[in-house]
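The sequence and model come first.

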Amino acid sequence: MTHRLPWRSLGIAAIFGLGITAGAAGADDREAIELTEEDRTHCLERMRTYLEVTNEILRATLESDMDAVRSHALAAVPRRYREDDLADAEVPARGTAADGRGQGEGRGGGAGEGGSGRPDRMEAATPEAYQGMMHHQHEAFQEIARDAREVADPAHTQHQLTEVQDTCVACHSAYRFE
Ligand code: HEC
């Protein structure tokens, strides 16, 4: 499928230093990321939340409900990854129940992390390009949340949403969990 990657996603892939090549038909040439069963389950749950959130953002733009755009976008960013201006925003991240104590952790993301140790394990298990794309995605969702207030234009949000989804596409083309 990699040969069908849109050029925009290839651009994202290039930014993060991914060498995506067209594989033989039927071959899965994505790089495997090895996770524990528990972390894999958690990550896939997060992924399903991302899909849900992007759909909710799109729906909110069609209804010109910019408050909903903002809260759905923030729901995709765990508190420890939020920048200062959004750290105390009203919306808790969704899908974090598994490391849930995470909700109470300090905003610096320093001590604690709910005691699950997952952030450290993920950092050890994933390549730098993977982490870069995740970071990029967290920033992009925060930009959507900010602009929902400051720009308040549904078409602008939709444009931003396609850019977030370029990152989804680029990462999915490069990696799989094992
Ligand atoms: C940094 C990498 C990365 C990013 C960014 C990313 N994903 Fe994923 N996602 C993965 C990997 C790896 C898998 C597992 C694929 C596999 O093992 O075949 C996955 C799986 C999924 C799944 C399948 C979940 C399941 O239960 O099987 C969905 C849905 C998904 N992602 C949605 C998204 C959406 C929507 C976005 C963007 C808003 C996104 N992902 C961004 C890496 C990423």
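## Helix α7

In α7, the buried residues are T157, Q160, L161, V164, D166, T167, A170, C171 and A174. A residue is called buried if 20 or more other C-beta atoms lie within 10 Å of its own, exposed if 12 or fewer, and partly exposed in between, with C-beta atoms placed from the backbone. Helices (H or I, at least four residues) and strands (E, at least two) are DSSP runs, numbered from the N terminus.

The 21 residues of α7 should span 30 Å at 1.5 Å a residue, and the end C-alpha atoms are 31 Å apart, which agrees. The expected span is 1.5 Å times one less than the number of residues in the helix.

## Basis of the model

The model is predicted: local features need pLDDT of at least 70 and side-chain atom pairs count only at pLDDT 80 or more, while totals for chains, interfaces and linings use all residues. Residues are numbered from 1 along each chain as its sequence is written.

## Helices α2 and α3

Helix α2 (residues 37–62) has 26 residues, which should span 38 Å at 1.5 Å a residue; its end C-alpha atoms are 38 Å apart, in agreement. D39, H42, V53, T54, I57, A60 and T61 are its buried residues. They pack against α3 (66–75), α5 (118–125), α6 (128–150) and α7 (154–174). Contact here means that the C-beta atoms of two residues, placed from the backbone, lie within 7 Å.

Helix α3 is largely enclosed by the rest of the structure, because seven of its 10 residues are buried. These are V69, R70, S71, H72, A73, L74 and A75. The buried residues of α3 pack against α2, α4 (84–87), α6 and α7.

## Nonpolar cores

A nonpolar core is a set of buried Ala, Val, Leu, Ile, Met, Phe, Trp, Tyr and Cys residues joined through C-beta atoms within 7 Å. Of the 19 residues in the largest one, I57, A73, F141, I144 and A145 touch the most other members. Helices α2, α3, α6 and α7 are the elements that give two or more residues to this core, and the largest share, five residues, comes from α6.

Leaving aside neighbours within four places in sequence, F141 is in contact with A73, A76, V77 and V164. Apart from this core lies another, of seven residues, including I12, A13, C171 and A174.

## Ligand shell

Around the ligand there are 19 residues, the closest being M47, Y50, C168, C171 and R176. The elements that give two or more residues are α2, α6, α7 and β2 (175–177); α2 gives the largest share, six residues.

By type, the shell divides into 13 nonpolar, four polar and two charged residues. Ala, Val, Leu, Ile, Met, Phe, Trp, Tyr, Cys and Pro count as nonpolar, Asp, Glu, Lys and Arg as charged, and the others, Gly among them, as polar.

## Positive phi angles

Most residues other than glycine have a negative phi. S64, in the loop between α2 and α3, has a positive phi near 50°. S64 counts as exposed because it has 12 C-beta neighbours inside 10 Å.

A152 is not a glycine either, and its phi is positive, about 55°. A152 lies in the loop between α6 and α7. With 14 C-beta neighbours inside 10 Å, A152 counts as partly exposed.

Note on methods: Near = placed C-beta within 6 Å.
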